[in-house]
Amino acid sequence: MASYILKAKKSLGQHFLHDKNIADRIARAANVKSCNVLEIGPGPGSLTKSILEHGAKKLISIEKDRRCLKELANLATKYNDRLVLIEGDALEFNLPKSKDAKLKIVSNLPYNISVPLLIKYLQQIDYISQMTLMFQKEVADRLVARPKTQNYGRLSIMAQSLCDVSIEFHVNKKAFFPPPKVLSTIVIFRPKTKRYTADWKSLEQVTRAAFGQRRKMLRSSLKTFMFDFNVLNIDPKSRAQDLSVEQFWSLAIDLEQRINP
Ligand code: SAM
């Protein structure tokens, strides 16, 4: 591996994948053949190389660390026509707005900004056909959490409202340099074709209030919204973590109709 890896920057969440089998497994899971792909943070390029070897039609890779771009120069020469390297901040990069040529996003995400990046892409889900992303295991557990479990919360509801979310596999710390403190997990997001109709603002309001006081019963934590729980077929004595994603949306739709029309 490149020598500069010894100086991996913590501030950029740099844990570089050096196990080619894992990089190949991610590219296979992402099913990139003949697809347009966006990769966040190629680093020295192990995953980038696998994505190209697995037949991506075009790969756009955005990297903030200039040192990595120098390392990627060889790859750029070899795959000149298929690899586009962009030096920049992925948080500021908006996806091309094409519903006909949707992108697949594949990334071993920088952990320090993995959630803001995910939220950004969920907000642009119309332009994405699949996301195959590496998170710290505890974030992955929140993303796939089901009701009545401790990890279930606003992130689970947001992700599962828009996508079918599944854990693909876990990756041992030893696959990275430097090794992270915790286990990593590959999560796949497949956008749903049928989505909920209410405004996100209403869902935000309801979930924030409910999970902000997650130990309280809904009749108390959601008191200000004056829901008729009987009509909505929701037990007012239940707590935030008891409600399914569908039930949160029925609250959001009701709120929108009465208060945020
Ligand atoms: N893909 C490489 C791999 O698997 O070995 C590197 C993964 S490392 C976990 C995260 C990468 O994201 C680093 O190369 C880091 O420099 C880059 N990065 C961090 N913040 C970024 C940002 N805001 N925009 C683009 N890249 C960023």
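Q: What counts as a helix here, and what as a strand?
A: Both are DSSP runs numbered from the N terminus: helices (H or I) have at least four residues and strands (E) at least two.

Q: Is this an experimental or a predicted model?
A: This is a predicted model, where local features need pLDDT of at least 70 and side-chain atom pairs pLDDT 80 or more, while totals for chains, interfaces and linings use all residues. Residues are numbered from 1 along each chain as its sequence is written, and side-chain values use heavy atoms, without hydrogens and water.

Q: OK, helices. At what angle do H5 and H7 cross?
A: Helix H5, residues 114-122, crosses H7 at roughly 35°, and their axes come within 11 Å. Axes are lines fitted to C-alpha atoms, for helices over the stretch in contact, and angles run from 0 to 180 degrees between N-to-C directions.

Q: Which residues of H5 and H7 meet?
A: From H5 there are Val115, Leu118, Ile119 and Leu122, and they meet Leu155, Met158, Ala159 and Leu162 of H7. Contact means heavy atoms within 4.5 Å.

Q: How many of those are nonpolar, polar or charged?
A: The contact of H5 with H7 has eight nonpolar residues, no polar ones and no charged ones. Asp, Glu, Lys and Arg count as charged; Ala, Val, Leu, Ile, Met, Phe, Trp, Tyr, Cys and Pro as nonpolar; the others, Gly among them, as polar.

Q: And H7 with H8, how do they pack?
A: H7 (residues 154-162) and H8 (residues 200-212) pack at an angle of about 150°, with axes 10 Å apart. H7 and H8 are therefore roughly antiparallel to each other (over 145 degrees; under 35 is roughly parallel, 65 to 115 roughly perpendicular, the rest oblique).

Q: Which residues of H7 and H8 meet?
A: On the H7 side they are Arg154, Ile157, Met158, Ser161 and Leu162; on the H8 side they are Trp200, Leu203, Glu204, Thr207, Arg208 and Phe211. Six residues of this contact between H7 and H8 are nonpolar, two are polar and three are charged.

Q: What about H8 and H10?
A: The axes of H8 and H10, residues 245-258, come within 8 Å and cross at roughly 120°. H8 and H10 are therefore oblique to each other.

Q: Which residues make up that one?
A: H10 supplies Phe248, Trp249, Leu251, Ala252, Leu255 and Glu256, which meet Trp200, Ser202, Leu203, Gln205, Val206, Thr207, Ala210 and Phe211 of H8. The contact of H8 with H10 has ten nonpolar, three polar and one charged residues.

Q: Which atoms of Leu17 and Asp89 are involved?
A: For Leu17, a polar backbone atom is 2.7 Å from an oxygen atom of the ligand. For Asp89, a polar side-chain atom lies 2.8 Å from a ligand nitrogen atom. Asn108 has a side-chain N or O atom 2.8 Å from an oxygen atom of the ligand. A polar contact is a pair of N or O atoms within 3.5 Å.

Q: Where is the cis peptide bond?
A: The cis bond joins Phe177 and Pro178, with omega about -15°. Pro178 is in the loop between strand S8 (176-177) and strand S9 (184-191).

Q: What is the phi of Asn31, and of Met226?
A: Asn31 has a positive phi of about 55° although it is not a glycine, and Asn31 sits in the loop between helix H1 (20-30) and strand S2 (36-40). Met226, also not a glycine, has a positive phi of about 50°. The loop between helix H9 (218-221) and H10 holds Met226.

Definitions and conventions: Polar contact = N/O pair within 3.5 Å; in protein donor to acceptor, adjacent residues only side chain to side chain.
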